[in-house]
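Here is a short tour of some strands and how they line up. Have a look at the structure first, then read on.

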Amino acid sequence: MDYQFKTIEKKWQQFWASNQTFKVNNTSDKPKYYVLDMFPYPSGAGLHVGHPLGYIASDVFSRYKRLRGYNVLHPMGYDSFGLPAEQYAIQTGQHPAITTETNIKRYREQLDNIGFSFDWSREIRTSDPSYYKWTQWIFMQLFNSFYNTDSDKAESVDQLIWIFETKGSKGIEAVCDEDVLEFTAEEWHHFSEEQKETELLKYRLAYLRESTVNWCPALGTVLANDEVKDGVSERGGYPVIQKKMMQWSMRITAYAERLLQGLDTVDWPEPLVEMQRNWIGKSIGASVKFALADGSDSIEVFTTRVDTIYGVSFLVLAPEHDLVPIITTNVQRAQVENYIEQTKKKSERDRMADTKTVTGAFTGSYAMHPLTGKQVPIWIADYVLAGYGTGAVMAVPSGDQRDYLFAKQFHLPIIKILDIQEIDEEADSRKEGVYINSELINGLSYQEAVSKLVSVLEERGIGKAKVNYRMRDAIFGRQRYWGEPVPVYFKDGLPKLIKENELPLLLPEVDKYLPTESGEPPLGRATNWKYQGGYEYELSTMPGWAGSSWYWYRYMDSHNSEAFASKEAIDYWQAVDLYIGGSEHATGHLLYSRFWNKFLKDIGKVKEEEPFQKLINQGMIQGRSNFVYRVLDEHGAGTNTFVSLGLKDQYKTTALHVDVNIVNNDILHLEKFRLSRPEYAEAKFILEDGKYVCGHEVEKMSKSKFNVVNPDDIIEQYGADTLRMYEMFLGPLEQSKPWNTNGIEGVHKFLRKFWRLFHDASSNFSVSDEIPTKAELKSLHKIIRKVEDDIERFSFNTSVSSFMICVNELTDLRCNKRAILQDLVIVLSPYAPHICEELWVLLGNEPGSLSYTSYPVFNPDYLIEDEFEYPISFNGKMRLKLNLSLSLEGIEIEQAVLANEDVQRYLDGKTPKKVIVVKGKIVNIVV
RNA sequence: GCCUAGGUGGUGGAACUGGUAGACACGCAGGACUUAAAAUCCUGUUCGCCUUAAAGCGAGUGCGGGUUCGAUUCCCGCCCUAGGUACCA
């Protein structure tokens with residue numbers, strides 16, 4: 001029989017499903033191995049060929065690990081809460097749950113077509129109440145916890161209450177808001193219930209806080225940064241301003257140091273670790289208080305360069321800083337208010353990105369320099385961000401470039417503070433030389449100055465050494481419908497948890513998925529949605545990252561109704577051994593997940609400090625768009641004539657995207673093009689060599705660019721095994737690359753050639769039991785070792801090439817020996833499981849046993865060589881090759897090479913200056 | 001702007017630890033088989049120069065420099081592209 005991939009693939013997919021071949025138990029004699037993919041958001045567009053890349057890699061790896069004797073957990077599910085379904089609901093009125101269900105069905109069909117070895121009995125969906133019940137439960141634990149910096153872990157708020165009751169707030173070691181009260185145990189007892197709750201909220205890990213959001217007054221809603229383009233809403237183009245709002249937040253900053261330390265213990269790509277380090281942004285410095293000149297208040301700044309304090313010539317506050325309205329003088333008020341208005345229109349990213357234009361406003365007030373007592377003016381500027389540090393900086397123009405530009409722009413003094421500083425053109429941030437113009441530290445070096453200053457500041461109570469993190473607490477509320485409801489109601493304006501046995505708090509029905517007329521989130525539309533019939537529920541929902549911050553535990557025990565996963569399951573599976581996903585999650589999902597994981601560990605629910613031991617980023621598959629060129633007439637209007645790429649320069653044209661699915665190797669299928677749209681029915685073409693050649697460009701894969709390639713179409717034409725191998729063949733897993741179906745023929749041909757090894761000229765199955773030759777064994781053992789090495793270092797593309805080489809060799813050797821082919825089937829099976837299952841059974845093995853057989857043992861004896869073809873180079877340029885025995889040592893090789901007449905011809909009578917011999921590698925002759 | 005990664009033939013890529021640049025494929029060109037097509041197989045294919053041919057010469061891994069007997073690989077500077085930048089997931 002020919003290679004009938006359609007029949008074979010359907011057959012084995014059904015076999016795996018009905019026999020539950022990949023169902024895995026939470027107990028086994030084998031060592032465990034947990035392979036996890038970042039689960040997908042089921043979008044309406046379905047899977048495109050970019051999505052399965054990581055899944056195929058992890059599937060190859062999982063299948064390989066099974067062959068290596070591991071009990072492999074390899075699950076899949078859906079991150080099914082999210083904005084797109086809600087946008088669609090807004091437009092169509094369709095309930096997001098229905099859209100989501102449809103999309104998931106489609107995803108599942110598409111995933112099934114590819115032949116993954118997932119254990120589908122463990123499937124999860126974050127939007128399913130049986131799942132989000134536990135997301136809400138974790139929220140409740142966070143609400144009920146505070147971070148004890150003494151024990152360095154989260155502890156129960158009951159514990160905190162006990163401390164307050166017995167000792168008051170004095171000496172409390174906890175991460176909390178800045179405005180906490182100081183009180184004695186006695187005072188605490190006299191607090192009203194309301195005062196107590198207000199105070200406790202300042203310590204809870206899930207708490208309410210005022211934070212800035214993109215507010216679109218016209219739409220009456222908060223927008224994601226994604227939905228804001230150039231300061232206006234993407235939908236409708238309405239103005240967007242920055243507005244403060246009470247929001248649920250997560251005190252992730254409490255975990256900053258542990259999140260940083262943990263990075264040293266995981267096996268992640270270094271760039272990703274670096275991104276997380278930068279995100280956490282630990283900086284060691286000092287906080288310094290600058291008293292206002294009138295003595296009414298003080299401004300606290302954080303600086304990493306306390307040594308430059310004598311170079312301070314002004315202070316800069318973020319425009320949002322609380323003190324700004326208070327200290328602004330009447331003379332300056334109009335100017336300051338105007339500046340604040342301007343700032344509100346800019347997003348934080350715009351403010352950071354624009355370093356060219358220097359803007360700011362003078363408040364009219366002055367602060368006192370804490371050491372010299374001199375007056376320094378207080379300005380506001382948008383390069384200072386309210387959310388970072390204290391929202392105020394001491395400006396040192398001689399040492400900081402932004403301060404330098406600011407000082408130049410507004411004619412503020414620039415004070416030189418180090419003898420080596422060169423500040424004619426720009427700021428000089430070096431820490432070398434000795435200090436000048438710096439009273440206490442004149443003549444000292446950097447190290448000496450820092451320690452002296454810190455002790456002086458501490459002594460005088462105006463500053464102290466401080467560690468600052470760039471990372472901010474994570475906003476946890478979304479003014480959206482399609483997310484987990486927050487299990488909180490309000491009593492007397494204070495948040496209270498619902499009872500645990502009332503979980504899940506179900507998402508209520510609403511008439512529309514829009515904010516209410518009064519600007520409340522969509523949940524405000526739910527009728528009769530009140531706790532115990534009277535209390536207001538929290539109307540915002542949880543963010544997208546809530547459900548994905550713990551999901552790997554749910555897979556361990558996905559049907560458990562008593563706990564998010566049983567203790568036994570958690571103890572057995574421990575951490576994820578291999579996690580594959582995109583690097584776009586570097587600082588979002590991966591940081592929040594680590595945070596929740598650490599929290600769950602603190603409260604004794606899980607064992608691991610770090611949830612993902614090894615992590616691999618798969619690159620993004622970009623689209624490869626094709627273009628046709630429409631000829632323009634003399635008025636610049638489009639005609640119905642299209643000119644081929646090579647001739648387009650002779651005409652005035654516009655490029656139009658054309659569906660890549662009607663283009664083959666950049667040649668347009670003319671009939672399909674005419675049929676693609678009514679207006680193209682009569683299209684005329686100017687061809688080159690009888691063909692229409694399309695232009696191409698690499699862009700994001702998206703519907704609007706007509707460059708989306710659906711895996712189903714590829715599978716229909718070539719089969720799942722071809723798709724799997726081709727995705728791996730495309731290039732290194734970690735690298736981003738454009739999808740181009742052009743090369744797929746080669747992989748498909750390979751599989752057919754592989755199939756033919758097992759069949760005679762008339763397509764009958766035919767293998768022999770003869771003893772293999774040395775050459776055949778060499779070919780087999782090369783591939784056994786190569787695939788082993790490649791999979792262990794996640795270099796899947798090079799394996800595919802090697803398979804091709806191996807099959808080419810065996811074809812040349814006319815090898816159809818069972819002793820070779822049976823092992824080759826096992827080695828190839830992680831990549832192309834369907835064809836291998838079929839051949840495995842044809843070879844006389846038990847159906848389904850291939851997945852759990854053993855990977856062949858590599859024997860190096862078959863690869864030993866006694867000769868090597870040495871490349872002989874002259875001055876590093878390879879000129880010829882010489883076959884020499886590998887038993888020869890350096891000097892013998894040199895003699896043999898120099899004795900060669902071709903070498904002598906190249907030398908042309910000259911004596912070589914030097915001969916470099918690397919045994920088994922190369923000979924280089926320097927002339 | 002900042003953080004991170006990448007740039008090698010017409011195309012995807014290989015070269016794993018500083019040692020033969022372009023493996024393996026696609027495409028293209030030529031050929032075999034076939035009534036024909038599909039399928040399959042064979043040969044060639046980095047560019048330029050020279051040559052009837054064999055062979056030979058020169059350049060070449062984004063650009064400019066450096067280290068080295070030898071650099072796609074290491075160092076310095078620059079250009080371009082992609083991802084992230086806290087409410088897309």
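Which residue in β16 is the bridge partner of L317? That would be A392. Keep in mind that this is a predicted model.

The pairing behind that couple is between β13 (residues 314–317) and β16, which run antiparallel and are joined by four bridges. Both strands belong to an open sheet of four strands, ordered β14-β15-β13-β16, and the pairing in this sheet is mixed. At the edges sit β14 (361–368) and β16 (392–395), each with pairing on one side only. On average, neighbouring strands here are turned by 30° against each other, ignoring direction. There's also a helix to spot: α12 (residues 330–344) packs on the sheet and touches β14 and β15 (375–380). The direction of α12 makes about 115° with that of β14.

Now for another strand, β3 (residues 145–148). Both of its faces are covered: S145 and Y147 are buried on one side, F146 and N148 on the other.

Strands β3 and β4 form a hairpin, with four residues between them. In that turn, D152 has a positive phi of about 55°.

Notes
Residues are numbered from 1 along each chain as its sequence is written. Chains are lettered from A and ligands numbered from 1 in the order in which they are written. This is a predicted model: local features need pLDDT of at least 70, side-chain atom pairs count only at pLDDT 80 or more; totals for chains, interfaces and linings use all residues. Two strands pair if DSSP finds at least two bridges between them. Helices (H or I, at least four residues) and strands (E, at least two) are DSSP runs, numbered from the N terminus. Axes are lines fitted to C-alpha atoms, for helices over the stretch in contact, and angles run from 0 to 180 degrees between N-to-C directions. Two residues are in contact if their C-beta atoms, placed from the backbone, lie within 7 Å. A residue is buried if 20 or more other C-beta atoms lie within 10 Å of its own, exposed if 12 or fewer, and partly exposed in between; C-beta atoms are placed from the backbone.
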